[in-house]
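Please look over the sequence and the model below before reading on.

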Amino acid sequence: MARSIVKTRQEVDQLLLGPVFDDLAELDGYRSELRQSGLFEHVEGVQEWFGENVTDATPRGYVPDLAGIDRGADARLYAVLRKLRPQRAVETGVCTGISTAFILQALNDNRAGKLASIDWPEYMDAEPEQDRFWEGKGGAVVPAGKESGWAIPDSLRGRWELVIGKSQEQLPPLLDRLDSIDFFLHDGEHSYDCMAFEFEHAFEKLREGGVLASDDVNWNGAFYDFALRVSRPVHGLGSHVAFIVK
């Protein structure tokens, strides 16, 4: 499957018209709602705190990373979820919880839906355990004294369930207790095998018209290979984030 490189916000927005949004006014309307929510200011405060307080190397020797999808993609993700109005959303990978917060903000503004998140976090104050994590994992880390999703505003937590564990172990039983899901986001272990595993299981439970999304789609070919296998076109939300519709 061809992997086009979209360079501008306008190009990304245009490619979402038709598959998701009726026109730019609809997309911009959702973005305006998000700006008024105060979430961007909250995230800026989190970023400032992290930069000032998390300065040492992670337990495995990496530069600490706040994690979260890129700016621009976060607002488009919010808009997609406002349009989709999912009743049941599932994601893998939480860490700081910035991306999670954008999902929960959309559910909050929809006044409907629940999000279940699976996370296998690395803590700054933990002993280094090299074999606990996929060898390609970088510096995404939870600060000392914090927990997964620590940056999520308290006002958004009412629609959230957190499961701690590896997605290969926790995703199947989580999906088994749900009749179907409306939205899935992969943002955990970016190994080919893990991504392919998650896409396969999530897509099976995804309702017709539901959305399967992934961050860091260019780390390997897992997302594009899966989209090709299920014959679904890929839609971009940013330089690293994309989705397909079942």
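The points below describe this predicted model topic by topic.

This is a predicted model, in which local features need pLDDT of at least 70 and side-chain atom pairs count only at pLDDT 80 or more, while totals for chains, interfaces and linings use all residues. Residues are numbered from 1 along each chain as its sequence is written, and side-chain values use heavy atoms, with hydrogens and water left out. Helices (H or I, at least four residues) and strands (E, at least two) are DSSP runs, numbered from the N terminus.

**The sheet as a whole**

- Seven strands form an open sheet with mixed pairing, in the order β3-β2-β1-β4-β5-β7-β6, where two strands are said to pair if DSSP finds at least two bridges between them.
- The edge strands are β3 (160-164) and β6, each of which pairs on one side only.
- Helix α4 (residues 73-84) packs on the sheet and touches β4 and β5, and its direction makes about 170° with that of β4; contact means heavy atoms within 4.5 Å, and axes are lines fitted to C-alpha atoms, for helices over the stretch in contact, with angles that run from 0 to 180 degrees between N-to-C directions.

**Parallel pairings around β1**

- Strand β1 (residues 88-92) is mostly covered, since four of its five residues are buried, a term that means under 20% relative accessible area, as against exposed at over 50% and partly exposed in between (1.4 Å probe, protein chains only).
- Five bridges link β1 to strand β2 (residues 114-119) in a parallel pairing, and within these two strands T92 stands opposite I118.
- From β1 the chain passes through helix α5 (residues 98-110) to reach β2, and this β-α-β crossover is right-handed, which is to say that, with the strands pointing away from the viewer, the path from the first strand over the helix to the second runs clockwise.
- β1 is also joined to strand β4 (residues 181-186), by four bridges and again in parallel, and the bridge partner of E91 in β4 is L185.
- β2 runs parallel to β3, to which five bridges join it, and D119 stands opposite I164 in β3.

**Antiparallel pairings around β7**

- Strand β5 (residues 206-214) pairs with strand β7 (residues 242-245) in the antiparallel sense over four bridges, and A213 is placed opposite F243 in β7.
- Strand β6 (residues 235-236) pairs with β7 in the antiparallel sense over two bridges, and H235 has F243 as its bridge partner in β7.
- The hairpin that joins β6 to β7 passes through five residues.

**Helix α1**

- In helix α1 (residues 9-16), the buried residues are V12, D13 and L16. Because they cover an arc of only 100° around the axis, they lie on the same side of α1, the arc being that of the directions from the helix axis to the C-beta atoms.
- The buried residues of α1 pack against α2 (24-37), α4, β6 and β7, whereas the face turned away from the buried side of α1 carries the exposed residues Q10 and L15.
- G18, whose phi is positive and near 100°, follows α1.

**Cysteines**

- The structure holds zero disulfides, a disulfide being counted as a pair of cysteine sulfur atoms within 2.5 Å.

- F184, found in strand β4, is buried with a relative accessible area of 0%.
- Apart from neighbours within four places in sequence, F184 has contacts that include V90, T92, L171, F199 and V211.
- F184 and L206 are 22 residues apart in sequence, and their C-alpha atoms are 7.9 Å apart in space.
- T58 lies in the loop between α3 (39-53) and α4, and at 4% relative accessibility T58 counts as buried.
- Leaving aside neighbours within four places in sequence, T58 is in contact with V63, P64, E122, M124, G139 and V141.
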